[in-house]
Amino acid sequence: VQRRMIEAASHIPGVTGVGIINALPLSGGGNNWSVYKCGTADLRPSNSIMTHHAYQISPGYLRAADTSLLAGRDLNWDDGPKKPRVVVVNSTFAHKMFGDQTAVGLHFLGGDKTRYEIVGVVENGKYEMLTEDASPAMFFPIAQIPAAETNLIVRSSLSSAEIAAVLNRTLTGGF
C-alpha cells in the first residue's frame, strides 16, 4: 500500500518528490539506537559508540525531504527483507563512527546484533529542534524494517491547499 501511495502521488502534476518516513524530524519522533563497531562482543549500552536518531524511510524520501546525498547511493525498493541489511547515515554519524575514513561500504552492529552496511552518506539535518548541534542519524529501508505508522512526504510546486486537495482526491479515490 505504501508503495502504491508513493506511485500515485508521484504522478500528480507539480510533484517533484514523494517518500515515506516513520516519524517526522522535529516532531519528537524517530528511534534512538545504540551502535557498535563490528567485532565488539560485549553489547552493553556502556560499550556503545553512540545513540542517535533512526528512521525508516522509503525510496524517494531523501529527495522529497530535499536531503542531499554526499556519497554512495540512496535506498531503493531492492533493499528488501531478504537482502543484506543496509542503511544511509548522515555525515555526523559517519565521522563519529569512522573518523576521516570513507563510510560507504563499511559496517557496524546494531544493538540487536544485526550487521548493517552503509550504502550512502547524506548531509546533516535537524531532528529534534532547529537550534540543535549536528547529531548522528540513520535511515533504514522501510522494506527491511517495517513501520506500523508512516508519514507521506510530498514536495510540490503547488500551494499547500492545492496539493492537499489533489492528494486527498488521489489517495481516497482507490489509487
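**Notes on the predicted chain**

1. Helices here are DSSP runs of H or I with at least four residues, strands are E runs of at least two, and both are numbered from the N terminus.

2. Before going on, please keep in mind that this is a predicted model, where local features need pLDDT of at least 70, side-chain atom pairs count only at pLDDT 80 or more, and totals for chains, interfaces and linings use all residues. Residues are numbered from 1 along each chain as its sequence is written, and side-chain values use heavy atoms, with hydrogens and water left out.

3. Back to H3, which covers residues 91–98: its buried residues are Thr92, Phe93, Ala94, Met97 and Phe98. Buried means under 20% relative accessible area (1.4 Å probe, protein chains only). Over the 175 residues of the chain, 39% count as buried.

4. Now the overall layout. The chain holds four helices and nine strands, in the order α-β-β-β-α-β-β-α-β-β-β-β-α from the N terminus. Its radius of gyration is 17 Å, close to the 16 Å from the globule rule for 175 residues, so the chain is as compact as a globular protein of that length. That radius is taken over C-alpha atoms, and the rule is 2.2 Å times the number of residues to the power 0.38. The C-alpha trace spans about 50 × 40 × 25 Å along its principal axes.

5. On contacts (heavy atoms within 4.5 Å): among those with a separation of 6 or more, 74% come from residues 24 or more positions apart.

How values were computed: Buried means under 20% relative accessible area, exposed over 50%, partly exposed in between (1.4 Å probe, protein chains only).
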